[in-house]
Amino acid sequence: MNVVVRCCFLVLVLAGATLPAVSQEQKGFWEHPLIKRFISPEKDTSRSAGFVALPALGYAQETGLEFGLAGVYNFYMNKTDTAIRTSNVTFIGTFTTRRQTNLKLESDIWTTGNRHHYISELRFRNFPFNFYGLGNETAAQDEDVVLMQLIRVRLEGERELAPDYYGGLNVAYERYHFSDRESGGIFDTLQPYGYDGGYHFILGVSQLYDTRNRNTYTTRGHYARVKYAYSPGFGGGSNFRGSLVDVDLRTFVPLTRALTLGLNAHYKTTFGHRVPFYVYPELGGDMMMRGYYSGRYRDRSLLAAQGELRYRFHPRLGVAGFAGTGSTYHRGLSNTRFVPSFGGGIRYFFDLEHQSSVRLEYGFGEKRPGEKRQGGFYLALSEAF
């Protein structure tokens, strides 16, 4: 799971374990169980759950003051199973002084023996985003603020069919509505297919091969997941009728005990009779092609790859550097324009039992003629991949 929080400060507020009543006279401040939970280099041997929350605070002209909270709860479905992967529930809720809302609840669940894997997402978003047009050569000067209302329900389930190999089904419902804040912008003049929004049901299948040593902070193993989904286009109009393909490949190589090289490639494409712009893959964000605003470039297909060098010099602290490249495109690889992504940051491991981290990093993108270099800060719960 991954959550990005726009914020100017970070506070760890809960430890997720029942704390005994211990007075400060009896134990020093640094010996308090809550404090030790977040600073001790030694892992808790009780295999207990862990919880962390981050306050979100930000300001933008199109939203006014934004405030809220994001958090993640890590746990084991079966504490006696020493090979079971970490399950988690992630939440983000932010509100603005202009009555805009962003709510998301996600879960990633692994059952005993890692025999079943379940993913879910519930989301409501009434929030503006920046639209730059379609294609991989859009200009910053065309930035247009568009108001979006989104409702999403997503459910995925996979079952182990052979050692480390899973097969499953996925279903999703999405509803979109858009309105341009000011007429005459590129969204109003271009009027991409799906300009007014729409809804769709998606039914698909997935295949997963997963040998990672853990699903939070991975240091060795391989991951390959392929998803195919189809929308029959209920309701007609510009509602999505077509298919989505998503391929996510990862490998992790331990160079030393503290140094890990991670490699990740991602391919997404859409095709069909009615493919609205809002189901197009978007380049950018906090997970792939860091340094670009999510949606800075969008088109029918996306191909991207990245590498990350992770150095964990202390049980609680680490650093990472990353570099990658990617492109959106419309018709075939001859239409690609690969752009760079690079940067780095620090890691704080708030939960040693579940190897969960908070990362703060900065990503750099390309510098187009006449524009400043693209880039941005990211504060996120969990690793990028």
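The chain has two helices and 19 strands; both are DSSP runs numbered from the N terminus, helices being H or I of at least four residues and strands E of at least two. The radius of gyration is 22 Å, close to the 21 Å that the globule rule gives for 385 residues, so the chain is as compact as a globular protein of that length. That radius is taken over C-alpha atoms, and the rule is 2.2 Å times the number of residues to the power 0.38.

Some ground rules. This is a predicted model: local features need pLDDT of at least 70, side-chain atom pairs count only at pLDDT 80 or more, and totals for chains, interfaces and linings use all residues. Residues are numbered from 1 along each chain as its sequence is written, and side-chain values use heavy atoms, with hydrogens and water left out.

Buried residues make up 51% of the chain's 385. Buried means under 20% relative accessible area, exposed over 50%, partly exposed in between, with a 1.4 Å probe and protein chains only.

Now the strands. E6 (residues 116–131) and E7 (residues 144–162) run antiparallel, joined by 16 bridges. Two strands pair if DSSP finds at least two bridges between them. Arg125 has Leu150 in E7 as its bridge partner. E7 also pairs with E8 (residues 165–180), again antiparallel, over 16 bridges. E7 and E8 form a hairpin with two residues between them. In that turn, Asp164 has a positive phi of about 70°.

On to charges. The salt bridge count is 26; the rule is a side-chain nitrogen of Lys or Arg within 4 Å of a carboxyl oxygen of Asp or Glu. Which residue forms a salt bridge with Glu156? Arg225 does, with the closest N and O atoms 2.7 Å apart. Arg225 lies in strand E10 (residues 221–232) and Glu156 in E7, so the pair ties together parts 69 residues apart in sequence. Glu158 forms a salt bridge with Arg225 too, at 2.9 Å. Arg225 is buried at 9% relative accessibility, Glu156 at 5% and Glu158 at 3%. All three belong to a network of salt bridges that also includes Lys104, Glu106 and Lys227.

Last stop, Arg296. The residue sits in the loop between strand E13 (282–283) and strand E14 (297–298). Arg296 is buried, at 3% relative accessible area. Its side chain makes a polar contact of 3.5 Å with that of Glu371. Such a contact is a pair of N or O atoms within 3.5 Å; within protein, one must be able to donate a hydrogen and the other to accept it, and residues adjacent in sequence count only if both atoms are side-chain atoms.
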